[in-house]
Amino acid sequence: MIAKSFKWIALGASCLTAPALAEPMALLDRHGSRVAVEPYAPNIVRVTIAMDPDLASAAPGEGPNAKADATGWTHRSDASGDVFASAALTLMIDAKPWPKAPTQMERYFAPALPPVSLSVKDAAGNVLTKMTGWEMAPVTVNGEKTFKVAASFDSPADEHYYGLGQNQEGYMDLRGKQIDCSHSYDAPAGETVCVPFLVTNKGYGIVWDNPARTLVWPGLHSTTRFQSQVGERVSFFVITGKTTDELYAGYAKLTGETPLPPKAGFGLIQSKARYESQQELLDIAHGYRQRNLPLDVMVLDWFYWTRMGQLDIDRSYFPDPKGMNDQLNAMGMRSIISVWPRFEREGRYFEFLKAKGWFLHDKDGHPIDGLPMRSDRAGALIDSTNPQAREWFWGKIRDNIASQGFDWFWLDETEPDLIPDGYQFSIGSGDRYHNLFPLVHTTGVAEGSERDRPNFRNMILARAAYLGSQRNGGLFWSSDVKSTWEALERQVPAGLNFTASGLAYWGSDIGGWQWPSGPKAENPILVDPAGATAMDASYPDYPELFVRWFQYSVFTPTLRIHGQRPGTALWEYGKAAEPILGDWLRLRYTLMPYIYALGRHTYDTGAPFMRGLFMDFPNDPKVSDIGDQYMFGPAFLVAPVTAQGQTRRPVYLPAGTAWYDYWTNQRFEGGQSVEVETPINRIPLFVKAGSIVPMGVQVQSTAEKQALESIRVYPGADARFTLYDDDGTTNAYRNGGIKAELVWNDAAKSLTSKTKLPSGQAIAGLVQVVGQ
């Protein structure tokens with residue numbers, strides 16, 4: 001195969017830098033429909049369909065960053081069509097007969113496009129999916145003559161669907177739903193985020209290669225259909241795997257690995273909208289230390305600046321930010337600061353950016369300033385699709401903010417909040433690139449940090465994502481959700497589908513972001529609100545809600561308190577809540593050796609560690625639509641309590657294994673539902689038989705070296721767990737770190753490791769076998 005580089009070709013649009021790609025393995029002609037086939041790995045193949053052969057042969061859009069690789073693939077043609085095969089899958093592009101003259105009915109209804117159909121089989125010859133047709137319908141969008149483009153796939157009755165980013169409608173299985181795959185802060189149930197990676201329970205996933213707003217109907221009327229609102233071709237990747245983890249390894253290969261966050265990112269992150277002064281922020285930090293409560297990161301949210309877009313720090317309220325950060329460091333803490341992508345007209349940089357053309361703009365080149373539908377006049381959006389603009393943006397963050405000792409950056413409004421539809425980016429219309437902004441905006445900071453702070457581990461708090469955003473070190477969260485029980489209930493399936501989209505790090509504003517306000521409690525309140533200052537007297541069950549939200553969040557990838565309320569620190573929810581919250585916070589830090597090892601495993605494999613049950617129990621059909629329970633790593637089954645006054649809840653224990661109640665060590669067989677007591681200091685928590693759980697001694701933050709307190713073994717099956725540690729802050733983890741593979745032999749009832757534990761301790765004396 002002759003190596004060749006392709007330019008991205010798009011009607012009326014220039015482009016971001018695309019990776020150099022090999023020539024498609026084949027460019028087929030189906031009576032005028034051109035079909036390009038491009039393998040990326042034995043289990044990854046891209047199919048592109050267009051009328052224009054150059055468009056069919058062109059590179060993917062932004063997001064995928066791998067190089068095509070046809071090693072091990074073969075191609076043959078026969079009367080039935082073209083067959084492309086590897087050791088992992090077979091792709092068949094069906095032959096099509098010469099088109100006959102249409103009937104009278106077909107003249108009226110038949111599509112004008114020459115038809116294309118294909119099928120994908122696994123290595124054993126089982127059909128995984130069939131594409132039954134494609135569509136291009138002419139439209140004019142944002143003044144540009146273009147098309148709606150679509151493709152349809154067969155959907156068997158027992159096929160289930162997950163992923164596609166963040167949707168807060170409250171369901172787990174996407175089958176039979178309409179998913180509006182587009183970033184929308186104003187989505188009725190809570191912000192939606194589009195990551196167009198659809199994962200099935202049938203051994204394959206589809207990465208849809210189009211950044212425009214895309215409607216997806218998974219399994220509706222026995223068909224799965226993708227329809228993008230702007231485009232001139234259909235382009236998608238099929239990833240196959242015997243397990244879901246093989247699908248996520250394929251996604252990581254295609255779009256980039258997930259970096260290991262700094263260890264502090266796994267600890268408690270304390271935030272509020274907003275700390276009014278340097279003294280207020282430091283008082284909260286000292287409050288944690290005075291109460292002997294662990295804390296890793298303090299966050300400085302918005303309006304610390306003199307004007308939106310000044311990219312400065314108001315010294316009237318934060319007179320010595322460097323000294324403030326030095327004090328945090330001395331307490332074993334780090335800092336995150338919010339940096340917004342918008343610029344007020346009165347700010348120092350507005351005219352410069354306008355002259356450069358580095359704002360989202362209208363057709364006449366005028367910057368779009370504010371959001372009329374929300375009476376928002378807070379500035380124009382920097383055009384991060386322009387590499388020069390994002391390089392400039394990082395430079396100002398580095399020189400004006402990072403120089404003051406701030407460690408990491410919170411890139412808010414990454415949807416962006418200033419909706420691009422109807423306007424223009426430097427690379428083309430906002431409609432064509434509707435979903436792209438969070439990828440390119442975080443890319444600028446990630447690349448700048450990598451270059452200018454090469455031995456300091458990057459981490460970015462971001463409100464939206466797209467294909468590949470995980471490679472920029474993002475911690476994502478569910479946006480400005482309401483502070484209600486309903487909002488908490490919706491978080492659980494929303495987070496599970498987000499991580500099912502290949503992005504492992506997700507969390508929520510613990511307690512909700514909006515001002516605490518909810519319906520009157522219908523059940524007896526389980527937490528006495530006496531002494532609480534986080535809300536007013538009209539919401540007496542809010543401390544109970546916060547406790548339940550916090551308990552859930554201890555078992556999410558990130559643990560971050562945030563919200564628009566008078567107080568957010570643990571002691572501001574009342575005398576009854578504080579000791580419960582303290583116990584759960586200490587449990588998070590007890591489990592830090594386990595959790596940090598999960599982060600390393602994600603870096604090594606691409607697999608998320610907050611996992612919908614469908615991932616680990618594919619042979620149990622009862623788990624396909626369970627969205628209120630999940631696995632946290634290989635050991636823990638978590639069942640959050642999300643209803644006010646709830647003191648019991650059912651928990652389904654997946655079949656194929658036994659389970660231990662974490663609180664009582666009682667053993668249960670899988671494949672049954674059990675009713676579990678849920679007093680306010682507990683949520684249902686089970687451990688799978690055949691699990692190894694390392695547990696650490698208490699520390700004030702992850703800056704402290706943490707010894708192991710114990711290694712718990714839950715017997716019933718052989719088990720392996722790779723314990724991991726490193727310095728927690730540098731990029732040295734890319735070259736190793738310290739690993740020890742713990743091996744449990746269930747028959748011999750012994751736990752061994754061929755290497756020393758990262759803590760330097762001996763295994764002897766640490767092992768606790770549950771039930772013995």
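Mentor: Pro-416 sits in the loop that links β23 (408-411) to β24 (424-425). The model is a predicted one, and in it the peptide bond between Glu-415 and Pro-416 is cis, with omega about 5°. The loop between β23 and β24 also holds Glu-413. Glu-413 is not a glycine, and yet its phi is positive, near 60°. Most peptide bonds are trans, and most residues other than glycine have a negative phi. A cis bond also occurs from Ala-273 to Arg-274, where omega is near 5°. Arg-274 belongs to the loop that runs between β17 (268-270) and α4 (278-290).

Arg-274 is also where the domain bounds come in. Domain 2 is made of 274-514 + 559-580, while domain 1 covers 26-155 + 204-240 and domain 3 covers 690-771. In the contact between the two, domain 1 contributes 17 residues and domain 2 contributes 16 residues. The size of an interface is often given as the accessible area lost when the parts come together. Between domain 1 and domain 2 that area is about 1,200 Å², and carbon and sulfur atoms account for 47% of it. On the side of domain 1, the residues that lose the most area to domain 2 are Glu-62, Asn-142 and Pro-211, which together make up 45% of what that side buries.

Nine residue pairs are in polar contact between domain 1 and domain 2, and two salt bridges cross the interface. As for salt bridges, the side chains of Glu-144 and Arg-432 form one, with 2.9 Å from N to O. On the side of domain 1 that touches domain 2, at least two residues each come from β9 (144-154), β13 (204-208) and β15 (223-231). By class, that side has four charged, six polar and seven nonpolar residues.

Some strand pairings complete the picture. β6 (residues 89-94) runs antiparallel to β7 (residues 118-122), with five bridges between them, and Leu-89 is placed opposite Asp-122. β7 also pairs in the antiparallel sense with β8 (residues 127-141), over four bridges; here Ser-119 faces Lys-130. Four residues separate β7 from β8 in their hairpin, and Gly-125 in the turn has a positive phi of about 90°.

A hairpin of β41 and β42 also has four residues between its strands, and there Lys-749 takes a positive phi near 55°. Strand β41 (residues 738-745) and strand β42 (residues 750-753) are antiparallel and joined by four bridges, with Leu-742 partnered by Ser-753.

Lastly, six strands make an open sheet with antiparallel pairing, in the order β30-β31-β32-β37-β34-β35. β30 (610-611) and β35 (667-669) are its edges; each has a single partner strand, so one side of each has no neighbour in the sheet. Within this sheet, β31 (residues 630-632) and β32 (residues 636-638) are joined by three bridges, and Tyr-630 has Val-638 as its bridge partner.

Notes: Residues are numbered from 1 along each chain as its sequence is written. This is a predicted model: local features need pLDDT of at least 70, side-chain atom pairs count only at pLDDT 80 or more; totals for chains, interfaces and linings use all residues. Side-chain values use heavy atoms; hydrogens and water are left out. Domain bounds come from an automatic or database domain assignment. Contact means heavy atoms within 4.5 Å. Buried area is the accessible area (1.4 Å probe) that two parts lose on being put together, summed over both. A salt bridge is a side-chain nitrogen of Lys or Arg within 4 Å of a carboxyl oxygen of Asp or Glu. A polar contact is a pair of N or O atoms within 3.5 Å; within protein, one must be able to donate a hydrogen and the other to accept it, and residues adjacent in sequence count only if both atoms are side-chain atoms. Ala, Val, Leu, Ile, Met, Phe, Trp, Tyr, Cys and Pro count as nonpolar, Asp, Glu, Lys and Arg as charged, and the others, Gly among them, as polar. Two strands pair if DSSP finds at least two bridges between them.
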